[in-house]
Amino acid sequence: MVPQEVAAALAEAGRRMDQRGWVPGSAGNLSARLENGRIAITRSGIHKGRIVPAEDIIAVDAAGQALKAGHRPSAETLLHCQLYRLFPPVAAVLHGHSVAATVLSIAGPIVFSQYEILKAFGFASHEHDIALPVYGNDQDIARLAALIEPELQADTPIGYVIAGHGVYAWGSSVEHAFWRLEALEFLLECELARRQMR
Ligand SMILES: [Zn+2]
């Protein structure tokens with residue numbers, strides 16, 4: 001069972017992501033860590049702006065298997081499980097398909113420099129060049145997770161993007177994950193606008 005307050009927090013985050021245009025169609029998926037290695041996650045195929053907490057947030061085990069027969073978790077559940085397994089402080093993971101993340105990730109490497117908002121990720125000042133990892137898209141999520149794993153272990157990034165697909169962000173609560181996603185989306189929008197100025 002998913003506690004009511006966890007399902008409600010994820011539904012609220014989904015609404016806010018929808019208001020910003022980050023989850024078109026049935027895109028995106030949202031999750032939160034539960035006790036005993038379990039994870040609450042959006043079920044497959046629903047609109048993330050209209051999540052019904054009691055129906056659309058389901059529980060899976062640490063390997064991404066639904067705990068209740070007939071429940072089908074998001075297709076990208078394994079990427080969420082991976083972040084919880086690798087990073088114990090992570091308590092929520094949000095994934096969306098914004099225009100900026102989709103377009104910039106196709107164009108090649110993404111490096112943020114000189115942006116004040118980098119401080120939202122714990123950097124002491126704007127004087128850092130921060131790379132946002134871009135991984136090739138793959139419909140085989142297990143294969144994609146295996147490819148990403150050593151890179152995540154080598155260096156914890158501020159988030160990552162999948163080329164032509166979307167962005168993954170995480171935090172120590174659903175609210176914190178949303179803040180970080182918002183900061184990341186702001187950086188991506190700035191970078192897109194900056195390149196369009198050239
Ligand atoms: Zn996706």
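**Notes on the zinc site, helix packing and loops**

1. C81 has its place in helix 3, which covers residues 77-86; helices here are DSSP runs of H or I with at least four residues, strands are runs of E with at least two, and both are numbered from the N terminus. The model is a predicted one, in which local features need pLDDT of at least 70 and side-chain atom pairs count only at pLDDT 80 or more, whereas totals for chains, interfaces and linings use all residues. Residues are numbered from 1 along each chain as its sequence is written, and side-chain values use heavy atoms, with hydrogens and water left out.

2. With a relative accessible area of 5%, C81 is buried, a word that stands for under 20% relative accessible area, while exposed stands for over 50% and partly exposed for the range in between (1.4 Å probe, protein chains only). Helix 3 as a whole is mostly covered, since 8 of its 10 residues are buried, and the buried residues of helix 3 are T77, L79, H80, C81, Q82, L83, Y84 and L86. Between C81 and I162 there are 81 residues of sequence separation and, from C-alpha to C-alpha, 17 Å in space.

3. Which protein atoms are the donors of the zinc ion? They are the OE atom of E76 and the NE2 atoms of H95, H97 and H165, at distances of 2.1 to 2.3 Å from the zinc ion; a donor is an N, O or S atom within 2.8 Å of the metal (3.2 Å for Na, K and Ca), and as water is not among the atoms, sites may look incomplete. Along the sequence, the donor residues follow the spacing E-x18-H-x1-H-x67-H. H97 belongs to the loop between strand 4 (92-96) and helix 4 (99-107), and H165 to the loop between strand 8 (160-162) and strand 9 (166-171), so this pair ties together parts that are 68 residues apart in sequence. H97 is partly exposed at 22% relative accessibility, whereas H165, at 11%, is buried.

4. Why is the arrangement around the zinc ion irregular? The 4 donor atoms subtend angles of 90 to 154 degrees, and this range makes the arrangement irregular. The rule is that four donors count as tetrahedral if all angles lie between 85 and 135 degrees, that four count as square planar and six as octahedral if opposite donors are over 155 degrees apart and all others between 65 and 115, and that anything else is irregular.

5. Helix 6 runs over residues 174-197, and its 24 residues should span 34 Å at 1.5 Å a residue, which agrees with the 34 Å between its end C-alpha atoms; the expected span is 1.5 Å times one less than the number of residues.

6. Helix 1 (residues 4-19) packs against helix 6 at an angle of about 15 degrees, with the axes 10 Å apart; axes are lines fitted to C-alpha atoms, for helices over the stretch in contact, and angles run from 0 to 180 degrees between N-to-C directions. The two are therefore roughly parallel, a label for angles under 35 degrees, with over 145 counting as roughly antiparallel, 65 to 115 as roughly perpendicular and the rest as oblique. Their crossing is right-handed, meaning that the near helix is turned clockwise from the far one by less than a right angle, and anticlockwise if left-handed. V6, which sits in helix 1, is buried at 18%, and its C-alpha atom is 10.0 Å from that of A92, which is 86 residues away along the chain.

7. Helix 4 also meets helix 6, where the axes come within 9 Å and cross at roughly 55 degrees; these two helices are therefore oblique to each other, and their crossing is left-handed. Helix 3 and helix 5 (residues 141-154) have axes that come within 10 Å and cross at roughly 25 degrees, so they are roughly parallel, and helix 3 passes helix 5 in a right-handed crossing.

8. Most residues other than glycine have a negative phi. N36, however, has a phi near 60 degrees; N36 lies in the loop between strand 1 (29-33) and strand 2 (39-42) and is exposed at 73% relative accessibility. Q114 has a positive phi of about 75 degrees, is found in the loop between strand 5 and strand 6, and is exposed at 57%.
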